[in-house]
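Thanks for asking me to look this over. My notes follow as numbered points, with the cut-offs given where a term comes up.

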Amino acid sequence: MVSAWLWLLCLSVTQALPETQLAELYVEVPENYGGNFPLYLTKLQLPREKTEGQIVLSGNSGMAAEGLFAVDSETGFLLVTRALDREEQAEYRLQVTLETEDGRVLWGPQPVFVHVKDENDQVPHFSQAIYRVQLSQGTRPGIPFLFLEASDRDEPGTANSDLRFHILNQAPAQPSPDMFQLEPRLGALALSPEGSTSLDQALEETYQLLVQVKDMGDQASGHQATATIDVSVVESTWVPLDPVHLAENLKVPHPHHIAQVHWSGGNVHYHLESQPPGPFDVDAEGKLYVTRELDREAQAEYLLQVRAQNTRGEDYTEPLELQVVVTDENDNVPICPPSGGLIRIPELSPPGTQVIRLLAEDMDAPGSPNSHVVYRLLSPEPEEGKEGSAFELDSTLGIVTLGTLPLRAGQNIQLQVLAVDLGGAEGGLSSTCEVPVMITDINDHAPEFKTSQIEPISLREDTEPGTVVATLIATDDDFEPAYQSMDFAIEEGNMYGNFGLDWNPYSGSVQLRLLRNLSYEAAPSHKLVVVVRNVAELVGPGPGPRATATVTVLVERVVPSPKLDQESYEASVPVSTPAGSLLLTIQPSDPMSSPLRFSLVNDSEGWLCINEFSGEVHTAQPLQGARPGDMYTVLVEAQDADEPTLNTSVSLVIHFLKAPSALAPTLAPVPTRHLCTPRQNHGVVVSGPSEDPDQASGHSPYSFALGPNPTVQRDWRLQALNGSHAYLTLALHWVEPREHVVPVVVSHNGRMWQLPVRVIVCRCNVEGQCMRKVGRMKGMPTKLSAVGILVGTLIAIGIFLILIFTHLTLARKKDLDQPVESVPLKAAV
């Protein structure tokens, strides 16, 4: 059931859709066919099986309805019923279908294109039977001055409509029968080369040409037609043009007529070219126009070319040239030259020195009054009450020079110069030119001290090096910092090099400093001459002498206060020490210094006394009232024996010890020993008492220690060897070479003694031994005896020489006193 429905559906769709589109049939029918009709054209591919329906033929312009075309239903041929005219209609589009009565298409549509093949049945025709044209003398050969027009209704693009033009006759035939030439295909009529050369001499003013047009191209057969051309030869009006002068900025309506050209021949078109391109035009009548205002500064001249051309744009003759000159008007102000920056003029430059040359530019016509620029100096104006000016100006050349008034270094001047055209006449345009000028400095001023003589300055001998002695100020009137740079030097009075200078080259201030210690004995005063110079070389008419300042320094003599070998002294003594016991010796630090006088200042108990010259301190009386562990302090004063006002004082501290319970042992004397410095592996042996019953009975050993003086403890070292001896050595690598008294405190069973050990420190030789002064050996001569011997020897030699010369003199005198006869003759040889 379902299959039956599907079959019916497919059948209905198939019947509803038309057949596949058929390809178009092309049929060609000859025009004006002279055979029998109907003329069968082509067979249509109708269905072979017999189907009910009718053939329907349709087409454009209703030709089918007119019976022009038909389809033979029996044979299926398409046929034409009568002759066709291509010029009437060149092609037909037909459509053939097979339809039912109700209009349903059973077959087709079948498109058919029918083309009517052309036949040369049309005769060419000229557009005019008679052509009239003017030919100007001077027309170039080969340039068409007339284009003939002809038509042929046969099918375009075929030989039937391919036309050719020919000149059949020229009347008159003088001066040449071939005055003209005619392009066969285009119908362009022009002068022949022969006619161009003969035309100007030709007497005839009119020529008549018989021309022919023929179809079928270059074939001999074909239809043809003729026409007449009347050529009138006219005189040439294409003459040169005079230059045209146009004012710039011309206030007239535009376009403005400026010139006229004319080509006397016919069929002319004018064409204008401008070099450079400008606002110019030409109309069909040959009138030339300027279309807007001109600017001479933009373009001063134009060269126009006007061409007379045919319709193809070909020049009949050479173009005419027209020179357009734009005349100037004063419409441009002078333009100042671009600024070259600040102009620097050295001071003291002579009058007449050129500052600048201004060349203001005026865009108006060169050489005309409109561009004639003159100059006026506006600023600076001459100062009232002064003759001359700082600047001069050449009004014609624009050169600015220095005047007679001097200018100062550092001045900034703004020159203002007025540039006026029209040569400065009334109505001229102007501009103000500004020129910045700076007067630069030159090094024409030498520096000078504000004060050339400094009051005497006193300095103590002990003034520390580096102390500022005096400060000198110098000034320089130059403007530039580079020219203010100064150099200072001590020119005189510094032979020992005690003084020096510190300065900044740009400050103008110099400090005189002490470099080395002063000595009153060497020089009690110094007269220093300090000179100042410019670092840069001086220039100018007269730099002047160099500037100096004199500083006198007076040296104050300083005598040093006495100096002792210790800053403080200490001694430890038992309270039972009897009167007259030596405690210690106060000594100067320099044994070679001036002698000192010693005294005690505050010995309130009167226990002590001091030797005025040696400085030995003794007990003056028994130490009544002193208790062990107490300290007693006195002040020792030392005065210079030569200068009592020079003194010093040190403290002396006495430490009281417990009195010994038994008889004090006898201390063995320690002989003076020698140690060399720098330190060697040598020392001094210090021993205890030689007779001590406690030690002999085997009681406790002795103990040894250095005195409480800090200097002693710094310089010396003490080591115990055994219960009865100690070893004293140098603690420092270097100790001052001299005699030293080293206090050694010896203790035993609560008893204490101070043992002074005298040590002479001397310099060491290569063998590590002390170097000592060598005395004169016995039997060796002294210096005085050696000098005496030498003098005696010289005296003896002198006496001996005197005796010899005296003897010779006497002998010669004796010979002279003898008579001549007694002198023997010399024998002849």
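1. Leucine 801 sits in helix α5 (residues 783–817); helices (H or I, at least four residues) and strands (E, at least two) are DSSP runs numbered from the N terminus. Its relative accessibility is 42%, so leucine 801 counts as partly exposed. Here buried means under 20% relative accessible area, exposed over 50%, and partly exposed in between, with a 1.4 Å probe and protein chains only. Leu801 also belongs to a nonpolar surface patch of about 830 Å², together with Leu790, Leu794, Ile797, Phe800, Ile804, Phe805 and Leu808. Patch residues have over 30% relative accessible area and no salt bridge, with like charges joined within 9 Å and nonpolar side chains (Val, Leu, Ile, Met, Phe, Trp, Tyr) within 5 Å. Accessible areas come from the Shrake-Rupley method with a 1.4 Å probe, and for residues only the protein chains shown count as cover.

2. Please keep in mind that this is a predicted model: local features need pLDDT of at least 70, side-chain atom pairs count only at pLDDT 80 or more, and totals for chains, interfaces and linings use all residues. Residues are numbered from 1 along each chain as its sequence is written, and side-chain values use heavy atoms, leaving out hydrogens and water.

3. The largest nonpolar core has 49 residues, and Phe145, Leu148, Phe180, Ile229, Val231, Phe280 and Leu288 have the most contacts inside it. Strand β16 (residues 224–234) gives this core its largest share, 5 residues. Such a core is a set of buried Ala, Val, Leu, Ile, Met, Phe, Trp, Tyr and Cys residues joined through side-chain atoms within 4.5 Å. Leaving aside neighbours within four places in sequence, the contacts of phenylalanine 145 include Phe180, Val231, Leu135 and Tyr316, where contact means heavy atoms within 4.5 Å.

4. Is serine 431 buried or exposed? Serine 431, in strand β30 (residues 430–440), has a relative accessible area of 16% and is therefore buried. Its side chain reaches the backbone oxygen of proline 334 at 2.5 Å. Beyond four places in sequence, serine 431 touches Val333, Pro334, Cys336, Val417, Leu418 and Ala419.

5. Glycine 388 is in the loop between β26 (374–379) and β27 (391–393), and is partly exposed at 35% relative accessibility. Glycine 388 and leucine 405 are 17 residues apart in sequence, with their C-alpha atoms 6.3 Å apart.

6. On charges, the count comes to 23 salt bridges, each a side-chain nitrogen of Lys or Arg within 4 Å of a carboxyl oxygen of Asp or Glu. Arginine 312 pairs with glutamate 183, their closest N and O atoms being 3.7 Å apart. Arginine 312 lies in the loop between β22 (301–309) and β23 (320–327) and glutamate 183 in the loop between β13 (180–182) and β14 (188–191), so this pair ties together parts 129 residues apart in sequence. Arginine 312 is partly exposed at 38%, as is glutamate 183 at 29%.

7. Aspartate 315 and arginine 307 form a salt bridge at 2.5 Å between the closest N and O atoms, and both residues are buried. Glutamate 739 and arginine 758 meet at 3.3 Å, N to O, linking strand β51 (residues 739–748) to strand β52 (residues 751–763). Finally, salt bridges link Arg86, Glu87 and Asp118 in a network.

Definitions and conventions. A polar contact is a pair of N or O atoms within 3.5 Å; within protein, one must be able to donate a hydrogen and the other to accept it, and residues adjacent in sequence count only if both atoms are side-chain atoms.
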